[in-house]
Amino acid sequence: MHFNHLLFEIQDEVAWVSLHRPEKLNALNRALLEELHQLFSELRNQEKVRVIVLTGSGEKAFVAGADISEFASFNSEEGRALAQKGQEEVFDFIAKMNTPVIAAINGYALGGGLELALACHIRIATTTARLGLPEASLGLIPGYGGTQRLAQIIGRGRATEMILSCRMLGAEEALGYGLVSQVVAPENLMATAAEWAERLLKNAPQAQAQAIKAIDANYTTPASGFKVEQKLFGDCFDTADFKEGTSAFLEKRKADFSRE
Ligand code: COA
């Protein structure tokens with residue numbers, strides 16, 4: 001397999017995957033999402049891969065979000081399709097893997113980047129990590145499962161607070177919120193991920209696969225919340241706020257949502 005935006009190697013039953021678009025802070029464009037789908041489809045069939053570790057290339061970011069430049073001109077239908085395809089092929093796909101996936105968050109995990117980490121089964125972070133869902137600052141809502149998974153993981157109150165305020169949490173606060181399991185110095189991130197992998201490798205893979213399925217069942221049956229998110233995410237694309245929010249980001253200025 002050859003990838004342009006992913007680095008990966010398999011070592012002693014662990015697949016180490018780096019999202020590799022560092023000049024754009026690993027923002028998730030179409031090509032990167034497609035490659036993630038291909039790689040995880042392949043890894044799902046490899047019995048000899050028993051743990052997957054996902055991290056971001058470079059020192060600044062895990063993933064700074066979905067690639068805003070790719071969807072700035074979308075209408076509501078295209079927005080809905082984007083959310084549906086992304087959820088099915090990447091975010092849900094990872095959440096439903098038989099193999100445990102560890103997110104090693106090495107910097108910004110924003111928007112789609114935090115949603116990607118939320119789809120993983122275990123999250124660890126560096127002291128430099130910053131986590132948030134800034135979609136509402138762009139006139140959007142999270143569309144890759146964030147409205148569902150963030151509330152499932154840290155509770156409705158804290159999830160609502162984070163999504164409405166677009167506030168970024170530092171690593172220690174994320175630990176307090178139960179958003180990550182451990183915070184370590186940047187230079188220790190990969191060694192800590194390896195310790196987690198070792199811990200997981202000691203236990204029975206078939207039981208782990210069944211546990212992931214059993215835990216997930218409580219949250220996805222019925223799956224209506226994810227569908228509602230897709231529709232409402234799409235609806236945002238028809239608003240003036242979305243036009244203002246995305247134009248402001250691309251023009252490197254502050255958005256003005258005032259109603260005066
Ligand atoms: N989509 C597209 N491009 C992005 C991006 C995104 N989500 N996040 C970062 N980039 C690009 C920047 O446009 C910039 O590209 P350029 O060098 O060609 O201008 C490059 O990545 C580096 O980012 P920059 O903004 O210069 O870094 P910074 O250190 O000043 O700021 C952030 C870092 C994360 C605070 C800032 O990049 C940011 O706010 N990103 C968007 C976060 C977001 O809203 N994500 C949710 C999307 S739904």
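Select Ala 66 and the ligand: a backbone N or O atom of Ala 66 is 2.9 Å from a ligand nitrogen, a polar contact (a pair of N or O atoms within 3.5 Å). This is a predicted model, in which local features need pLDDT of at least 70, side-chain atom pairs count only at pLDDT 80 or more, and totals for chains, interfaces and linings use all residues. Residues are numbered from 1 along each chain as its sequence is written, and side-chain values use heavy atoms, without hydrogens and water.

Next, pick Ala 64, where a polar backbone atom lies 3.0 Å from a nitrogen atom of the ligand. Then go to Lys 24: an N or O atom of its side chain is 2.6 Å from a ligand oxygen.

Finally, zoom out to the chain. Its C-alpha trace spans about 60 × 40 × 40 Å along the principal axes. The radius of gyration, taken over C-alpha atoms, is 18 Å, which agrees with the value near 18 Å for a compact globule of 260 residues (rule: 2.2 Å times the number of residues to the power 0.38).

Conventions. A polar contact is a pair of N or O atoms within 3.5 Å; within protein, one must be able to donate a hydrogen and the other to accept it, and residues adjacent in sequence count only if both atoms are side-chain atoms.
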